[in-house]
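User: I am new to this structure and would like to go through it by question and answer. Please show it first.

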Amino acid sequence: MPLSNKYIQQRIEKAKILKEAGFNPYANNSQRNTNIEKFLNVNSDIAESEEKRDENRHYIVSGRIKLMRIMGKASFVKIEDESGMLQVYVARDNLPEGFYNTIFKKNIEVGDIIEVGGYPFVTGQGELSLHADSLSLLTKSINPLPEKFHGVTDKEIRYRKRYLDLIMNAEVRKTFQIRSRVISLTRRFFEDKGFLEVETPMMHPIAGGANAKPFVTHHNALGIDRYLRIAPELYLKRLIVGGFEAVFEINRNFRNEGMDATHNPEFTSIEFYWAYKTYKDLIEITKEYFGYLFDHLDLPTLLPYGDMKVNFDNFQEIPLIESLTTIGGVPVEVTQDKEKIITYLNDKGITVKPGMNLGQLQGELFDAFVEEKLIDPTFITEYPVEISPLARRSDTNPDITERFELFIAGREIANAFSELNDPIDQLSRFEGQMKAKDSGDDEAHEMDKDFVEALSYGMAPTAGQGIGIDRLVMLLTNEHSIRDVLLFPAMKPLNSEETPEEE
RNA sequence: GUCUCGUUAGCUCAGCUGGUAGAGCACGUCACUUUUAAUGAUGUGGCCGAUGGUUCGAAUCCAUCACGGGACACCA
């Protein structure tokens with residue numbers, strides 16, 4: 001039963017008393033004229049003044065009570081709004097007769113949202129505070145807040161009841177403010193470059209643009225299944241066919257796979273496509289983009305991440321095959337031979353699925369021996385064609401593609417390539433993926449005939465890139481679980497939440 | 001999916017090799033007009049995650065399940 005515990009009953013009783021005394025526990029008459037941050041900034045000169053107070057200034061601030069120190073005839077109350085925390089001095093004799101003892105002390109408590117008017121002063125302990133001459137309740141909180149010192153630390157509570165986490169942990173608010181800024185800056189960066197922001201479908205007839213298992217939903221009126229998109233790629237490229245030359249989309253993708261510290265079933269990415277450019281241009285714009293973010297977020301380019309220090313002034317670039325040897329320590333002769341790779345992996349205690357081709361095996365080597373060693377930002381280039389079904393082949397070597405992935409702090413942050421725009425080649429790549437699917441690879445790419453048809457009208461040479469926004473925010477905020485950069489991460493339902501659906 | 005740790009008051013946590021539940025904060029009452037997790041006194045507060053089992057007796061031991069954390073696997 002919600003709202004049934006004894007603390008809540010006690011608080012409901014207080015709300016009733018307040019109402020009977022003429023104080024609306026859910027008042028809607030806020031007179032606030034400044035926020036706490038502004039109050040503290042504007043009045044920072046009080047500390048230097050002779051009087052340590054200025055009774056000619058008057059402000060009305062609002063916020064949630066986080067702490068109360070009640071003494072006989074005066075109290076200190078800490079209130080918090082989105083911008084910060086403020087100490088308010090509440091003395092009996094500055095308030096209407098009887099208010100302090102019968103209303104304030106008895107019926108207003110930690111968690112309530114109040115409004116206070118008064119003048120700025122500095123306490124004996126040197127804290128700039130508000131000297132209250134009026135105090136009113138805006139919103140009664142009938143559910144007590146967690147403990148004032150430890151707060152909520154239980155991750156389950158923090159994720160399931162993010163509102164409590166946000167009330168109790170100011171640094172969590174900070175993380176999400178940074179996330180918001182990253183998205184806003186990303187949008188501005190691409191707009192300033194002349195990119196057009198577009199929205200493409202979230203419900204796809206064919207889940208294309210990546211190798212992943214989709215969520216399925218159903219359209220009742222049409223009687224057909226739809227897939228929640230796993231990537232917007234194929235729609236964005238259709239727009240390039242249509243004549244837009246630079247487009248981007250920042251939005252959610254959905255993948256029906258496991259959840260862990262770096263995977264949530266829905267996640268946010270930006271994908272952008274740029275006609276008449278190649279993956280080389282993408283490397284340059286990516287460096288510029290990171291510079292832009294660091295500038296505007298005022299972050300040091302030597303950025304701590306866990307035990308690591310990531311140097312954002314040290315972008316590296318290395319072909320995948322070369323990285324296997326120089327970074328992964330895999331002997332050169334191993335990297336070009338299927339059997340030798342399998343033997344090498346087995347020797348290191350890694351088993352691979354049977355039937356893998358050379359490109360896939362090289363990918364396995366990379367995942368096992370290179371990825372986690374890429375701390376400073378590194379563009380890994382020249383991916384094998386077998387694991388790059390949508391990327392353009394190199395003109396000089398048909399086995400590799402004009403592609404890179406960007407790795408930072410041992411993790412993939414971006415995936416980019418010169419787009420495949422040869423419809424015949426695209427068709428045969430899709431057919432190759434179909435074969436892989438038939439032989440058991442249920443994450444192989446789906447055939448999308450309409451996309452091939454779109455390409456058949458001619459898509460200008462184009463470069464395209466996807467950047468995982470969640471992982472980028474993790475990196476920039478030094479968070480190590482994707483759940484800490486998602487306001488409402490996916491959670492299993494609790495027993496009590498289960499809705500009887502089936503049968 | 002596998003392994004592992006956890007789940008005790010509103011919150012943060014104790015609770016030994018089984019004997020029927022404890023602290024701090026919060027809350028109630030009293031005192032206190034410059035406190036800083038205010039202080040002092042006093043009191044209330046528990047289906048010990050769920051279900052079964054072992055036992056005279058289970059928060060404690062065992063099994064199963066649920067949820068969560070971490071690691072691995074899968075996957076971007």
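User: How do the residues of the surface near RNA strand B divide into nonpolar, polar and charged?
Analyst: Ala, Val, Leu, Ile, Met, Phe, Trp, Tyr, Cys and Pro count as nonpolar, Asp, Glu, Lys and Arg as charged, and the others, Gly among them, as polar. On that basis the surface near RNA strand B holds 16 nonpolar, twelve polar and 23 charged residues.

User: On what conventions does this description rest?
Analyst: This is a predicted model, in which local features need pLDDT of at least 70 and side-chain atom pairs count only at pLDDT 80 or more, while totals for chains, interfaces and linings use all residues. Residues are numbered from 1 along each chain as its sequence is written, chains are lettered from A and ligands numbered from 1 in the order in which they are written, and side-chain values use heavy atoms, with hydrogens and water left out.

User: Which element gives the most to the surface near RNA strand B?
Analyst: Helices (H or I, at least four residues) and strands (E, at least two) are DSSP runs, numbered from the N terminus. Among the elements that each supply at least two residues of this surface are α1 (6-20), β1 (59-70) and α4 (155-160). The most, four residues, comes from α1.

User: Which base atom of RNA strand B does a polar side-chain atom of Glu127 approach at 2.8 Å?
Analyst: A polar contact here is a pair of N or O atoms within 3.5 Å. Tyr7 has a polar side-chain atom 2.9 Å from a base nitrogen of RNA strand B. For Glu127, the atom at 2.8 Å is likewise a base nitrogen.

User: Which residue in the turn between β8 and β9 has a positive phi?
Analyst: Strands pair if DSSP finds at least two bridges between them. Strand β8 (residues 216-219) runs antiparallel to β9 and is joined to it by four bridges, with His219 opposite Ile224. The two strands form a hairpin with four residues between them, and the residue with a positive phi, about 65°, is Gly223.

Note on methods: Polar contact = N/O pair within 3.5 Å; in protein donor to acceptor, adjacent residues only side chain to side chain.
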